[in-house]
Amino acid sequence: MLLKESYQQHKKLYFVVLGVLVAIVGYWLYARAKAQAPKYTTVIVRRGDITSAVQATGTINALTTSSVGSYVSGTVQYIFADFNTRVKSGQVLAQLDPAIYEAQVTQARGNLENAQGNLVTLAANVQVDQANLAKTQANVGYQQATAKRSDDLFKAGVISTDANDLTQSTLGQAQADVQSAQAALAQAKAQLAQAHAQVTAMQGGLKLAETNLKYTTIISPIGGTVVARNIDVGQSVAATLQAPNVFTVAQDLTRMQVYAATDESDTGNITAGAAVTFQVDAFPTEQFYGRVSTVRLNPTTVQNVVTYNTVIDFSNPDEKLLPGETAYVTIPTGHASNAIQIPNPALTFKPAALRQQLPQIYKQYNISREASTTHLGGWQVVWKLGPDQNLIPVAVQCGVTDYNNSQLIQGDLHEGDVLVIAATSTQTAGSTPGQRPPG
């Protein structure tokens, strides 16, 4: 009897120990499987406004900037404007030493006076030659009348042959005198024409000398602010090959522009008149506003990256912003109000644990191959977390994006759904994850 009772007690103890061991092993297996299963980072789908925008960096420029050059060479004698000087159109900015150009004007004026005096003399010669020609022509007329009378007398037998021949010889000499006078007159007229040409040339030389003298005074072509001065008193300015830039004048700094370098992929979404915001390093807490004026059709390629200058007009009434400052521009290209927001990381997430099972899963949920691989037509796949922690693929078509969220246009996704954006696993390399496919 005692042996039977002892056996029953040992049997109970055995089952208790066995149960504890089974519980421990089961818990260990459960904990190990749970530790190896991927852990998901999720976000809840919400509604809200989405504004897509292009981010670009640009440079602030004056609306009109004029480079003031020197047409003539010389030594800087005076400077009447410095950096930040407000100037008016036609205001004197600097003066080059005019001495050499004044001497050239004096010389050119003397040459012109000599040429004009020579012209007067030649004109008088022409008049003399014209009078001489008229005289010789009158003499020819007289000799012709005398020759005719002598010929008539000769035929009547009144005078001898020698007398008649002498008369005819005198007529020939008078006709030769006319030809000589005509040649002299033609020569005098040619000399007069040449003198006229010389006078014209001298007038041009005088005008050139006066113009060069005028250019020794450097004036501002526009009203504005001097933003650059490249000369000093005593400096030599050489204008032999091209006009050197001595001043730069920016017109009306109350109206300025930003030249923003926008990527070629963004230019198709930028429209003239779009409202723009931008910031500058000088005022990091302030935001400035402008509007797109145009996208210049002049591409710039740097290391195979093509950009276009987007010109943005803005007002600068207090002249706080200065030419050359760097602007960080935001150009809106689209807006969606009260839209279903898909976090952008969800659009790029793919469950590595289900890589081998993806074709079967896509087929189960009627996900097209184009949507799952090529994003054809804007279709993409996001993964929704089911009630039993399984992953459910959803095909979605997106609209505008602000680089944080994208607008849902089509797809079986609703406010409050939970989307997976990342997954982590503690399993060792080469082991098979304990993720089960969606059911």
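The following legends describe an overall view and several close-up views of a predicted protein model.

**Figure 1. Overview of the predicted protein model.** Residues are numbered from 1 along each chain as its sequence is written. Because the model is predicted, local features need pLDDT of at least 70 and side-chain atom pairs count only at pLDDT 80 or more, while totals for chains, interfaces and linings use all residues; side-chain values use heavy atoms, with hydrogens and water left out. The protein contains six helices and 18 strands (DSSP runs numbered from the N terminus, with H or I over at least four residues for helices and E over at least two for strands). Of its 439 residues, 33% are buried (buried means under 20% relative accessible area, exposed over 50%, and partly exposed in between, with a 1.4 Å probe and protein chains only). Among contacts between residues at least 6 apart in sequence, 75% join residues at least 24 apart (a contact means heavy atoms within 4.5 Å).

**Figure 2. Strand β16 and its partners β15 and β17.** Strand β16 covers residues 391–401; eight of its eleven residues are buried, so the strand is largely enclosed by the rest of the structure. Strand β15 (residues 379–385) runs antiparallel to β16 and is joined to it by seven bridges (two strands pair if DSSP finds at least two bridges between them). L385 has L391 of β16 as its bridge partner. Five residues separate the two strands of this hairpin, and among them Q389 takes a positive phi near 65 degrees. Strand β17 (residues 405–411) is also antiparallel to β16, with four bridges between them, and Q397 stands opposite Q410 in β17. The hairpin of β16 and β17 has three residues between the strands, and Y403 in the turn has a positive phi of about 75 degrees.

**Figure 3. An open sheet of four strands.** The strands follow the order β6-β5-β3-β8, and their pairing is antiparallel. The edges are formed by β6 (217–219) and β8 (236–237), each of which pairs on one side only. Strand β5 (residues 92–96) is joined to β6 by three bridges in the antiparallel sense, and V92 stands opposite I219 in β6.

**Figure 4. The salt bridge between E415 and R47.** The structure holds eight salt bridges (a side-chain nitrogen of Lys or Arg within 4 Å of a carboxyl oxygen of Asp or Glu). In the pair E415 and R47, the closest N and O atoms are 3.6 Å apart. E415 lies in the loop between β17 and β18 (418–424), whereas R47 belongs to strand β2 (residues 46–69); the pair links distant parts of the chain, 368 residues apart. R47 has 42% relative accessibility and therefore counts as partly exposed.

Figure 5. Because R229 lies in strand β7 (residues 224–229) and D82 in the loop between β3 (74–79) and β4 (86–87), the pair ties together parts that are 147 residues apart in sequence. D82 is partly exposed, at 37% relative accessibility. E319 is partly exposed, with a relative accessible area of 24%, whereas R86 counts as exposed at 54% relative accessibility. Salt bridges that share partners join D82, R229 and D232 into one network.
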